[in-house]
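The entries follow the order in which I looked.

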Amino acid sequence: MRKIAVALIAILALGAGAAHAGSDGQDFTRIEHGRYLATVGDCAGCHDEPGGAHPLAGGMKIETPFGTITASNITPDKDTGIGAWSDDEFVRALTHGIRRDGAHLYPAMPYPYYTKVNRDDLLAIRAYLSTVPPARHEAGGDDLPFPLDKRSAMAAWNKMYFTPGEFRPTAGKSAEWNRGGYLVEGLAHCGACHTPKNLAGADKSGETLQGNPVQGWFAPEVTDASPKGLGAWSAEDIVAYLKTGHNKFTAATGPMGDVVNRSTSKMTDADLHAIATYLKDQPGSGDKQPTAIAASDPAMKTGAAVYADECAACHTAHGTGSPRLFPSLAGSASVQSDDPTSLIRVVLAGTRSVGTKAAPTSPAMPSFGATLDDREAAAVLTYIRNSWGNAAPAVDAAKIHDIRKSLTQHSG
Amino acid sequence: MARPNRRKVLSAMGLALAASPLSARAAVIEGGMPWTPDRTQPPQPVDPKGWRYFTQEEAEAVEALVDRLIPPDPETPGGKDIGCAVFIDRQVAGPYGSAEALYMSGPFHDGTKQQGPQAHDPPALHYRKALAALDKYCRGSFGDKPFAALSDQQKDQIIADLESGKVPLGAKPGSFFKQVLKDTQQGFFADPVYGGNRDMAAWKMIGFPGARYDYTDWVDRHNERYPHPPIGIADHPDWKG
Amino acid sequence: MARKLPPKDVVIIGLGWTGSILAHELAQEGLEVVAIERGPWRDTATDFSPAFAQDELRYRLRHELFLRPAQMSLTFRNNRDQTALPVRDWGAFMLGNGVGGGGLHWNAETWRFLPTDFTLKSHLVQRYGQKFLPDDMTIQDWGVTYGELEPHYDRFEYLCGTSGQAGNLKGTIQAGGNPFEGPRSRPYPTPAQKQPFAHTLFGKGAADLGYKPFPQPSGNLSQAYTNPLGVEMGRCTYCGFCEWFGCANYSKASPQTTILPALLRQPNFTARTECEATKILLDKSGKRATGVLFVDSSGAEWEQPAELVILAAFQLFNVQLLMLSGIGQRYDPLTGEGQIGRNFSHQTVSAAMAFFDKKKFNFNPFVASGAIGMCIDEFNGDNFDHGPHGFVGGGYMGNVQSNGRPLETMTALPPGTPQWGAKWKEAVRDTYLSTIYAGSGVHGSCYTYKTNYLDFDPTYKDRFGRPLLRMTMDFHDNELKMSAFLTDRYAEIFKAMGAQQVVKKPRKGPYDITQYQTSHLCGGAIMSATPKDGAVNRYLQSWDVPNLFVQGASGFPQNAGYNPTGTVGALAFWSAGAIRSQYLKHPGPLVDA
């Protein structure tokens, strides 16, 4: 019974925009809906002015593998923002990556995802954006090498990698599943971080949501795959994680901590359930369990010793952690990701997990960069990736060395 | 594609050095628990070579003193080989030696025992003056020999006289004995990262497992000897692999 | 000339336990709250990580987490005939510094006072007669009862996740708990901690002698816990680095692990760290606080105007700031007049060392936590008939050995052991694992006297040129007699445990500023029924300046035989409750003078 109710709500939510299309900018319900959708899309994550002076006034430098792109001003300022844009121009920008002046946007603006959002929802977002204080702020230019500095180059990119078009529900799947797909593939643009990229920075086809390095972190696989994905998580675990930043397995930190803080913790339970339902139905890379490295391996022995001295007091001798406080290392997807970047980073530099209204603790992992050398850090990570039922490739000391170096450079 | 560098955004949250005209110069904390990675650093392990504060002669005297205060035995090194003199040297060369943290405003008066130490000289200077006086005393009483060149018996006698105040060394009777004894014992038992307690030998001697942080499995194992050797902040023999 | 900051509704001086509690309670009301904290921000992962938290030299001996006497100290003498001299380095007590305050470095022994502790004077006079009390003793009733504080004790314990075994649930005595405690409305939030060997043995020895031992209520948690604010704590791993240290694994209750994560999410709360409050400002009438003056880390002076001032510093500094601000009348020991500085007290702690046969006993003293221990309460407060003994007061006693840190425990050597040399080394080696030495094993009360007080020192100044506080303090016969009697009973339990040798260490006078007892300084701005007898009313509201509330143990009229933090926390919730339910509706005196 409850499932049906949820599905009904999802359908209503999908249709909500339609009922109000064409109403004026004073429409409270529509603006509220747009504000919610802007939260789902995490517009502020890129478009807020650094330093927080003017919300959505742009200027944030977005580092991409190809260069630095500057987020634009999306306040209703007529000259420097999008106040002068027509609704069609706004929709075209989000669904086709084309600016008002006809120039191409870079896909750092996730229009390959937003193209799946229906027009009503986009216009609701527009209605909301029209209500924020207009800020006169020239966001500044980009810093990209030739030929990428030519926006026209994006036309070729689009031709090769971009498929425009709204999300089409899959017949035979529940309304909840389809709502989840609509959000994951569209506005929430999960794949922007979690889907592996090709050399051109486009999503690799056939590897959707299977894990990807981002900004010195690794966004792990978020499909139902096991152990690399969320196979061990229930839908409720996913909902708890997105809502509070914490569940019995892990804590959101780094870029995902910010996404939880700004976006997912503010989403409705129905949408979070829809996302969870959809993700749990993605087979991803499948259930391939690599063989764990033997405990007798020298690195494993060193790792066990390091673990006992430095880690067990919080994560426990059995790697089980403490719910919503110390992530469980046993069975953890991010611990068993092929790419150990996030793990290395967290061990070397420490991190604070996100605090939310429902889970305010925001516990932090100390930095062990001054305590562990490259070999020791590699050993303890190899150990946690291959103990208590975990299995993942060994971590190489050279990789620790590289990330240590990049962290030192970044913190300067 | 890519995202803004959110690590920086997140770490900036909550703790900001405000310096605008209408705000005081101090850390202003709001909006969430601040994240200030590496704010506090682990201690840097002491390099045992050379002396930072003591002259060679002073160092020899201190080594001789600590080796009689805690003499070697077949199982455990004495104060010298375990690094107590190195420990004291590094300590008096730092904020401890200059009494940097203490209330050192005058006037200085001797009070009752209950009122606590009122010494004007911080520990570093105390060592300098007392070691000079000790040298003078030894050379005057033992045929121009410094303390380090005396026999164990002679050294022990002098230490006993320092303890009783019979040899006053200029400062308050007994004060240098107290100072060097306290510092020697600290060097013996403190974490080896500070230069003493080499190889955690003092901890092994008594059965203290050192810097371990998890005895969850041991709280209800009663009257059973804990089997694991000590570890230090920077001493982890079983990490060698 | 101080520059003015934009006004706030509430300014709080000090961000330890009471500052955090008041800030959270008042921010819940929607008020704009700012806290001014003298020390730095501190937090678990950054300031006492498990990579280096377990460092006896750094934290225990070099006082990493404490106020530096160079920044602020006080002077001390035993009596008025002496010239007070500065406390150049800490000894008898430790003064925390920074966010979390004493709540960061404490052991987390989380007790409630006895119901009769709150009505002490009238209770003792009724039972024993006025003549039984020493002439110069100045004890008072608190003006608040155990029954009134019970819900607030409960809130503090549930905030902290305190681990313990109830002894009295709504009047029904519970097996295994403290049968002497006042009735509690519900059990402790988490079960008692497990006990190591020596502590368990103490429980058995005490039970053999007919006492009713129970586990000490502990803020080192037996299991993971989520408090009512949604803040998570971990379980204690018995590392033995608790008091003087910060907890590296979120298992010791502190403002950081229980309340600050929720408080700092409040958009109407701001903390300014490394800012030293130098004065509470009053208007021309002297009856209204207008804000707080403070000096920031660059030396610049600022005024923070506010409608309500909460003084939530450590006991000594509450008293000092009241004096420096000219609030209330300073106490004069000759006339007994004046309120600020009177009824100063500390604690009467004693101990015993128990040496056991090392072939039969191995205690692993390093397996411990700050508030571990088995205790008895037969000799606390007025739980026994004092008539035959000629003293009043008492304390709990127990094996509460909180650590096996070598520099702390090596002082427990058999009598006759030399201080140095081969024999010293042997003795240290042979006794470490088989000796019990709980430094505060007998945790006795300290009642108040005309001659124990705080005032200004005439000679010594702080870095701003202001007079240091002067402590005039000595033990009186009543406390020394009590200590001797209790320590005798304590030693009997060690003998019953099978100790080969027991060395009693009753507290002896004169009071010594170098001998660590506890950091439980009390009084100086005490609660009272009338403005004549104290600085604050039963809600901790200043009698003189009704928009000023003075939190903490400075309000205790005298000290009971327990660690004070449970009561300090309960009083903070009680006071905050009165502000929320009464003061904010009708700002003004909550008790008619």
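**Entry 1: a sheet in chain C**

I started with an open sheet of four strands in chain C, whose order is S5-S4-S21-S20 and whose pairing is mixed. I take strands (E, at least two residues) and helices (H or I, at least four residues) as DSSP runs, numbered from the N terminus, and I call two strands paired if DSSP finds at least two bridges between them. Strand S5 (85-86) and S20 of chain C are the edge strands, each pairing on one side only.

Before going further I note that this is a predicted model, in which local features need pLDDT of at least 70 and side-chain atom pairs count only at pLDDT 80 or more, whereas totals for chains, interfaces and linings use all residues. Residues are numbered from 1 along each chain as its sequence is written, while chains are lettered from A and ligands numbered from 1 in the order in which they are written.

**Entry 2: the hairpin at the edge**

I then followed strand S20 (residues 453-461) of chain C, which pairs with strand S21 (residues 467-472) of chain C in the antiparallel sense over five bridges. Which residues of S21(C) stand opposite C:Tyr453 and C:Asp455? I found C:Thr472 opposite C:Tyr453, and C:Arg470 opposite C:Asp455. The two strands form a hairpin with five residues between them, and C:Gly465 in the turn has a positive phi of about 85°.

I also looked at what covers these strands: helix H10 (residues 315-324) of chain C lies across strand S4 (74-77), S20 and S21 of chain C, and runs at about 125° to S21(C). The angle is between N-to-C directions, from 0 to 180 degrees, of axes fitted to C-alpha atoms, for helices over the stretch in contact.

**Entry 3: chain C as a whole**

I count 14 helices and 23 strands in chain C. A compact globule of 593 residues would have a radius of gyration near 25 Å, and the 23 Å of chain C agrees with this; the radius is taken over C-alpha atoms, and the rule is 2.2 Å times the number of residues to the power 0.38. Along the principal axes, the C-alpha atoms of chain C fill a box of roughly 70 × 55 × 55 Å.

Of the 593 residues of chain C, 66% count as buried, that is, with 20 or more other C-beta atoms within 10 Å of their own, these atoms being placed from the backbone. Contacts (C-beta atoms within 7 Å) in chain C between residues at least 6 apart in sequence join residues at least 24 apart in 76% of cases.

Chain B has seven helices and two strands, which follow the pattern α-β-β-α-α-α-α-α-α along the sequence. Buried residues make up 48% of its 241 residues.

How many residues does each chain bring to the contact between chain C and chain B? I get 78 from chain C and 69 from chain B. Helix H12 (residues 421-431) of chain C gives the most to the side of chain C that touches chain B, with five residues.

**Entry 4: chain A and chain C**

Here 21 residues of chain C are in contact with 21 residues of chain A. Helix H2 (44-47) and helix H9 (260-263) of chain C each supply at least two residues of the side of chain C that touches chain A.

Technical notes: Contact = placed C-beta atoms within 7 Å. Buried ≥ 20, exposed ≤ 12 C-beta atoms within 10 Å, placed from the backbone.
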